[in-house]
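Subject: Structure handover

Hello,

Here is the structure I said I would pass on. Please open it alongside this email and follow along.

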Amino acid sequence: MSDFNIVNAADIISAVTDFSKRDDNDLGCVWTKVVSKIGYKEGVTDSENNFIGRRLASNSKVVDLKNGVVLVETNHSGWIQYLRMYQNFILKGLKWALPDLKISSLAFRVRGTEASLSDVYENHLEKAKVFMDQKIEKTEKELENKFAQNSSSEKKDKNSANSGKLPQDLFKILENMKNDMLTN
């Protein structure tokens, strides 16, 4: 028993887990490094530095990664608000550190909830589908209106006396161009 002088919880964890085997390119490890840099100022003493990044890193963890979406779990919904404020910074850091994963966005959940990336992803796809359907419908209506206007103007042109002929102004311009070209 004298070999293991366990004093606190960190000693228990380190006694059970060998962190030297942990891969530094692991998404969870990179997450901690990137988030810890939030609010860090180079050349400032520790007492003056804002440690919001360290607090965010200790209160959040990566749970899942699917289709470029990283699911992050936090202890409290307030941490999610902070993470959203720094979302661009975090995404740039993750993309830079792990370019092979092709991370495109972050999704969040509070610890204890059952939300998974498939739920988040399906909701996102459903919203995108509804948006695209509305956009397609709007475009179709615009095209129908333009087609109706063009067909009504064509009917007017067919009924006019110059049916099949160029308008007088355009005809005169083209005739003048033809004459200029032939005389030079």
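Below is what was found in it, going from the overall layout to single residues.

Overall layout

Please keep in mind that this is a predicted model. The protein has seven helices and three strands. Read from the N terminus, its elements come in the order α-α-α-β-β-α-α-β-α-α. Of its 184 residues, 20% count as buried. If you take the contacts between residues at least 6 apart in sequence, 56% of them join residues at least 24 apart.

The sheet

The three strands make up an open sheet, ordered β1-β2-β3, and the pairing is mixed. The edges are taken by β1 (60–66) and β3 (105–110); each has a single partner strand, so one side of each is left without a neighbour in the sheet. From one strand to the next the twist averages 30°.

As background, strands of a sheet pair through backbone hydrogen bonds, and they can do this in parallel or antiparallel fashion. Here β1 and β2 (residues 69–74) run antiparallel and are joined by six bridges. Within this pair, L65 stands opposite V70 in β2. Helix α4 (residues 77–85) packs on the sheet and touches β1, β2 and β3. The direction of α4 makes about 165° with that of β3.

The hairpin turn

Strands β1 and β2 form a hairpin, with two residues between them. N67 has a positive phi of about 50°, although it is not a glycine. With a relative accessibility of 57%, N67 counts as exposed, because the cut-off for exposed is over 50%.

In soluble globular proteins, nonpolar side chains tend to be buried together. The largest nonpolar core in this model holds 21 residues, and those touching the most other members are W31, V35, L56, L83, I90, L94 and L106. At least two residues of this core come from each of α2 (27–36), α3 (52–58), β2, α4, α5 (87–97) and β3. The largest share, five residues, is supplied by α2.

Which residues is L83 in contact with, leaving aside its neighbours within four places in sequence? They are W31, V35, L56, S60, V72, T74, I90 and F108. Of these, W31, V35, L56 and I90 are also among the core residues listed above as touching the most other members.

Helices α2 and α5

Two packed helices are described by the angle between their axes and the distance between the axes. For α2 and α5 the angle is about 135°, and the axes are 9 Å apart. That angle makes α2 oblique to α5. On the side of α2, the contact is made by L27, V30, W31, V34 and V35. On the side of α5, it is made by F89, I90, G93, L94 and A97. The crossing of these two helices is right-handed.

Helix α5 also contains Q87. Is Q87 buried or exposed? Q87 is buried, with a relative accessible area of 19%, because buried means under 20%. Not counting residues up to four places away in sequence, Q87 touches L106 and F108. F108 is also one of the contacts of L83.

The loop between α2 and α3

Last, there is G39, found in the loop between α2 and α3. G39 counts as partly exposed, at 28% relative accessibility. G39 and I52 are 13 residues apart along the chain, and their C-alpha atoms are separated by 6.1 Å.

Where to look

Regards

Methods: Residues numbered from 1 in each chain as written. Predicted model: local features only at pLDDT ≥ 70, side-chain atom pairs only at ≥ 80, totals over all residues. Heavy atoms only, no water. Pairing = 2+ DSSP bridges. Helix = DSSP H or I, 4+ residues; strand = E, 2+ residues; numbered from the N terminus. Axes fitted to C-alpha atoms, helices over the stretch in contact; angles between N-to-C directions. Contact = heavy atoms within 4.5 Å. Core = buried A, V, L, I, M, F, W, Y, C linked by side-chain atoms within 4.5 Å. Buried < 20%, exposed > 50% of the residue type's maximum accessible area, 1.4 Å probe, protein only. Parallel < 35°, antiparallel > 145°, perpendicular 65-115°, else oblique. Left-handed = near helix turned anticlockwise from the far one by under 90°.
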